[in-house]
Amino acid sequence: MDIKLLTVRSEIAAGTRGAGMGIDALIVASLDQKSTFFRDHQVQNIDDVNNILFTNNNFPSAKHIDGVLTMLRRVCNATASTLEKNITPIVLAGDHSTAAGTISGIKKAHPNKRLGVIWIDAHADFHSPFTTPSGNMHGMPLAMVSHIDNKEEAVNTPSDETLELWEDIKNVGTEDKKIEPSDVVFIGVRDTEQPENSILNRHNITNITVKEVRELGALNTAQKALDQLSECDMIYISFDVDSMDPSISKGTGTPVANGLSVEEARIINTTLVKDPKVVCWEMVEVNPTLDQNNIMANNAFNILTDTVDSIKTSHTELA
Ligand SMILES: NC(=[NH2+])NCCC[C@H](N)C(=O)O
Ligand SMILES: [Mn+2]
């Protein structure tokens with residue numbers, strides 16, 4: 001089974017600068033570890049629009065939404081064309097907004113298949129321009145792809161132009177919503193706002209907490225997440241490194257206490273990708289400017305290589 005690395009130095013949807021450098025921090029980690037990983041695999045770089053940060057932001061409740069739309073279209077097209085060649089995309093991105101592009105690309109390639117999502121993260125990323133506490137669009141990818149505005153719990157009044165662009169974002173790849181919110185399983189989510197809690201309750205979304213991961217063990221956690229999505233035809237996994245505990249490293253923009261250990265994250269990811277329904281894996285939010293000695297990228301790089309090994313060996317056995 002072939003994989004391809006899609007690199008996206010997306011910076012604009014995070015609140016703290018530096019996530020766009022996460023990919024290069026991973027490459028530095030690979031060089032420090034004398035790994036040939038980035039030489040052994042095909043890499044396709046998706047151009048970023050980070051220059052938009054030199055201009056004023058006109059959209060306080062969805063910062064740089066015009067640039068985010070451009071990025072999502074690019075990520076969607078690259079993901080879809082990779083899948084259409086029967087190659088598994090491994091997406092390495094900066095801020096987490098890109099996941100909406102990846103999900104849209106999966107649906108573009110397979111519009112009639114039901115897609116489940118395993119979201120390993122400290123955050124639920126289910127905000128819309130109506131509910132966001134920050135305006136940072138890396139907190140919105142799951143709302144984008146499930147078409148949830150949650151206007152009932154609005155705390156902001158987005159401009160008409162913002163809402164037009166928000167509709168365009170929802171239509172990237174395909175016009176329909178890409179996933180049912182009930183086809184999302186969270187692992188490690190521990191920092192949400194009230195409008196997100198309502199979505200989780202309303203759609204009965206499972207969150208396997210860090211405490212449960214510890215009780216069940218990492219292997220059973222992965223199995224439980226996969227079991228929840230048994231009715232889905234394909235599965236996408238999104239790994240935000242802020243799911244891990246900040247005591248390990250400060251190298252991510254929105255750290256939250258009481259997270260997963262590196263070993264737990266490694267076992268969860270390597271186990272999940274063995275499922276033949278897994279069509280794509282993504283890793284996001286490494287920010288070396290906040291770190292010391294590139295610790296986050298070194299840990300994330302080890303998880304990346306083990307996960308890619310796991311997906312290649314298990315999917316080959318099945319082929
Ligand atoms: N992908 C992330 N790191 N998301 C953090 C989101 C934090 C917060 N919920 C917000 O919307 O601003
Ligand atoms: Mn996230």
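This is a predicted model: local features need pLDDT of at least 70, side-chain atom pairs count only at pLDDT 80 or more; totals for chains, interfaces and linings use all residues.
## The whole protein

Let's start with the big picture. If you follow the C-alpha trace along its principal axes, it spans about 50 × 40 × 40 Å.

## Helix H3 meets H4

Find helix H3 at residues 65-84 and helix H4 at residues 98-109; their axes come within 7 Å and cross at roughly 40°. Angles under 35 degrees count as roughly parallel and 65 to 115 as roughly perpendicular. H3 and H4 are therefore oblique to each other, and their crossing is right-handed.

Who does the touching? On the H3 side, the contact includes Met71, Leu72, Val75 and Cys76, while Thr98, Ala100, Gly101 and Thr102 are among the residues that H4 brings. Sorted by class, the residues of this H3 and H4 contact come out as 10 nonpolar, 7 polar and 2 charged.

## Helix H3 meets H6

H3 also packs against helix H6 (residues 160-170), with the two axes 10 Å apart and an angle of about 10°. H3 and H6 are therefore roughly parallel to each other.

Here H3 uses Ile65, Asp66, Val68, Leu69 and Leu72, and H6 answers with Thr162, Leu165, Trp166, Asp168 and Ile169. That contact of H3 with H6 splits into 7 nonpolar, 1 polar and 2 charged residues. Keep an eye on Leu72: this H3 residue takes part in the contact with H4 and in the contact with H6.

## Helix H9 meets H10

The crossing of H9 and H10 is right-handed.

From H9, the contact takes in Ala218, Leu219, Thr221, Ala222, Ala225 and Leu226; from H10 come Glu264, Ile267, Ile268, Thr271 and Leu272. By class, the H9 and H10 contact has 8 nonpolar, 2 polar and 1 charged.

## Around ligand 1

Now for the ligand. Which residues are the closest to ligand 1? They are His96, His123, Ser134, His138 and Gly139, out of 15 residues that surround ligand 1.

And what kinds of residues make up the shell around ligand 1? There are 9 polar and 5 charged residues, plus 1 nonpolar.

Conventions: Residues are numbered from 1 along each chain as its sequence is written. Chains are lettered from A and ligands numbered from 1 in the order in which they are written. Axes are lines fitted to C-alpha atoms, for helices over the stretch in contact, and angles run from 0 to 180 degrees between N-to-C directions. Helices (H or I, at least four residues) and strands (E, at least two) are DSSP runs, numbered from the N terminus. Angles under 35 degrees count as roughly parallel, over 145 as roughly antiparallel, 65 to 115 as roughly perpendicular and the rest as oblique. A crossing is left-handed if the near helix is turned anticlockwise from the far one by less than a right angle, and right-handed if clockwise. Two residues are in contact if their C-beta atoms, placed from the backbone, lie within 7 Å. Ala, Val, Leu, Ile, Met, Phe, Trp, Tyr, Cys and Pro count as nonpolar, Asp, Glu, Lys and Arg as charged, and the others, Gly among them, as polar. A residue is near a molecule or strand if its C-beta atom, placed from the backbone, lies within 6 Å of it.
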